[in-house]
Amino acid sequence: MSQPIDAAPAVPSHLEVSDEVAIEISGMNKWYGQFHVLRDIDLTVYRGERIVICGPSGSGKSTLIRCINALEEHQAGKITVDGTLLSSDLKNIDKIRSEVGMCFQHFNLFPHLTILENCTLAPIWVRKTPKREAEATAMHFLEKVKIPDQANKYPGQLSGGQQQRVAIARSLCMKPKIMLFDEPTSALDPEMIKEVLDTMIELAEDGMTMLCVTHEMGFARQVANRVIFMDAGQIVEQNEPEPFFNNPKSERTKLFLSQILGH
Amino acid sequence: MSQGDHSVAFVRHDPLPPQAPPVSQAGVIGWLRTNLFSSIGNSIMTLITLYVIYALLAAIVPWIANGVWDASSIRECREQLQGVNAACWAVIEERWPQLVFGNYPPEHYGRAVLAFVLLFVALAPVLYFGLPRKMLWFTGLYPFLAYWLIWGGTLWIPIMALVGVVVGFVVFRLLEEKSFFGAMVAALAAALAFWIVLTAPLAEALAGVLPLALTPVASREIGGFMINFILGTSGIALSLPLGIMLALGRQSTLPIIKMICVIFIEFVRGVPLITLLFVASVMLAYFLPPGTNFDLMLRVIIMVTLFAAAYMAEAIRGGLAALPKGQYEAGDSLGLDYWQKMRLIVLPQALKISIPSIVNIAIGLFKDTTLVSIISMFDVIGMIRGPILSSTEWFGVYWELLGFAGVLFFVFCYGISQYSQWLERKLATDHR
Ligand SMILES: Nc1ncnc2c1ncn2[C@@H]1O[C@H](COP(=O)(O)OP(=O)(O)O)[C@@H](O)[C@H]1O
Ligand SMILES: [Mg+2]
């Protein structure tokens, strides 16, 4: 995919991270019944950060980022997104969700709507944007993900990579401040992974705050300013990509990296 | 095929023109051979089937074709037929108004026919999305217009009923921002209050100023196929939205709502329709305050609607269950609220999946409207079994009359079924 950058600073210098807080998670715990999925999560994400979250399957990565836009409920601790405290108040939840975009492993496009309608649905109904304007915005972002010519097709007529790029465009149409990605490339055939990663890299260069659960370590090296390793519901280690990959501190991280990077 | 074969010296560059298939495989003979006479057993089956079809047609076709159309009683028919076994269609011709309109005053048939024709205008934009959306305004007005045309009386009653709807809508829009569900309940309450308290006096007062009245027709004068049609269309039209609400309620995370929906659905599904109809015809009178005049037709429409709604709810629940969880999550993550998510994402897909079962229920409901003949309403079957067959002129003309009723139902049910197949094809967007 992308060549590992060994000597150079891992974070491209033109991608500034501000000191404004985008997401603040403190002392967060979550249980599924008796099962303690997330334990004492503390995480502060600054505006403009690009964080890659990795870890073995079942370690709670998806659950963590799904808590941020309240797709999952947390039982203890505080999550503040863009200054709004996440509580059971539906108004707050809807506000946060409209500020936070999310891309799923299986795209989850709406099959009964055209690509354009997929992209304009939420702006029209949630943001109350006039239809014309929403369509213009949608076309802008479809051009950005390089599929404006598919606008009037249905999702079922597109390849997986195209569908995932539409899903990214659909989220961007809401002009989110933060984007969450849950393994966006792991359901794709290898030849389509690059087109999706390229789209995500461009997004990072535009200064989007991003949290990506992914095992694309090339992407992590090239784009991330921080890599987080999770295991058994805990954040085990976090660091800038270069020291993270070259000098992992914990044994569990070393084991995981040796497995995922292969031999 | 013409490239890459190194062992061959000459390679043809132009494709050969296709040869005509051998005669034994072509056209009708080929088709017959492969489909009907492919083996001895198959050939025997084909011959037997052909004979059975022939025998049936030989018995039925002359009976239909040689029928008598011009007679005023079964006796005249028999005289004309002189012992030939054939139908006596004259009964249909002579009793046509009774079969279709019951005792509806003949001078007002035009009103009923107009309501019938306008129904298709009202349905058109619902059934064919390509038509201008503005036509839906007429669809919204149609129930009130149809009520006025069929039952007559002053136009102010349906207008006030419509105003009640508007009142409910205004209340809904005012409260919608706060909570969609709360707004719906408040809107329903406001509309009901308006109907119960204000409709009658307001309509009376306005009618005093400007009558705008048609000759009133009582429900008991309506009969024949018209009853089946009114019950069928209003039952289907009302039970679909009610069924949707029940299906959503059954999925609700609010335990009370969920419990109410489950109990309702399970209770109604466990009771035969005819029982509900008896309840409507006799029992409800006990529960209603004395002196209330609650039209039997309205009671039956309510029962038929509740009955069909329970089945609709289950059909739609199947569609809801078939939707992947990711669709809900995608809607959530975009910030859509519950009702937007349901209306824009979940229901369009769930209803599409449930179309075959919904149509099944609609057709079943339409045919079940004939059960009202048992609670002594004179629908088309009630008409045939009662006044027509027991008259001295047409005593014993079962086959013609019941055959006619069957054809009538078949035409409409087949139409519904064809439409639904067209709709399914049209909505197939996902696997192209
Ligand atoms: N809805 C659920 N109910 C019960 N357990 C769940 C549920 N969703 C996930 N889990 C469990 O929580 C753990 C973490 O899941 P997840 O966050 O999806 O892991 P990851 O994304 O890191 O692979 C897993 O052990 C999984 O089995
Ligand atoms: Mg996961």
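User: What makes the crossing of α9(B) and α10(B) left-handed?

Analyst: A crossing is left-handed if the near helix is turned anticlockwise from the far one by less than a right angle, and right-handed if clockwise; the crossing of α9(B) and α10(B) is left-handed. A word on the background: this is a predicted model, where local features need pLDDT of at least 70 and side-chain atom pairs count only at pLDDT 80 or more, while totals for chains, interfaces and linings use all residues. Residues are numbered from 1 along each chain as its sequence is written, chains are lettered from A and ligands numbered from 1 in the order in which they are written, and side-chain values use heavy atoms, leaving out hydrogens and water.

User: Why is α9(B) called oblique to α10(B)?

Analyst: Helix α9 (residues 225-251) of chain B packs against helix α10 (residues 255-269) of chain B at about 125°, their axes 7 Å apart. Angles under 35 degrees count as roughly parallel, over 145 as roughly antiparallel, 65 to 115 as roughly perpendicular and the rest as oblique, so α9(B) is oblique to α10(B).

User: Which residues of α9(B) meet α10(B)?

Analyst: Contact means heavy atoms within 4.5 Å. Leu246(B), Gly249(B) and Arg250(B) of α9(B) touch residues of α10(B), including Ile257(B) and Phe264(B).

User: What makes β6 and β10 of chain A edge strands?

Analyst: Two strands pair if DSSP finds at least two bridges between them. The open six-stranded sheet has the order β6-β7-β8-β3-β9-β10 (chain A), and β6 (100-103) and β10 (234-239) each pair on one side only.

User: How do you know that β3 and β8 of chain A pair?

Analyst: Four bridges join these parallel strands, and pairing asks for at least two.

Key:
Axes are lines fitted to C-alpha atoms, for helices over the stretch in contact, and angles run from 0 to 180 degrees between N-to-C directions. Helices (H or I, at least four residues) and strands (E, at least two) are DSSP runs, numbered from the N terminus.
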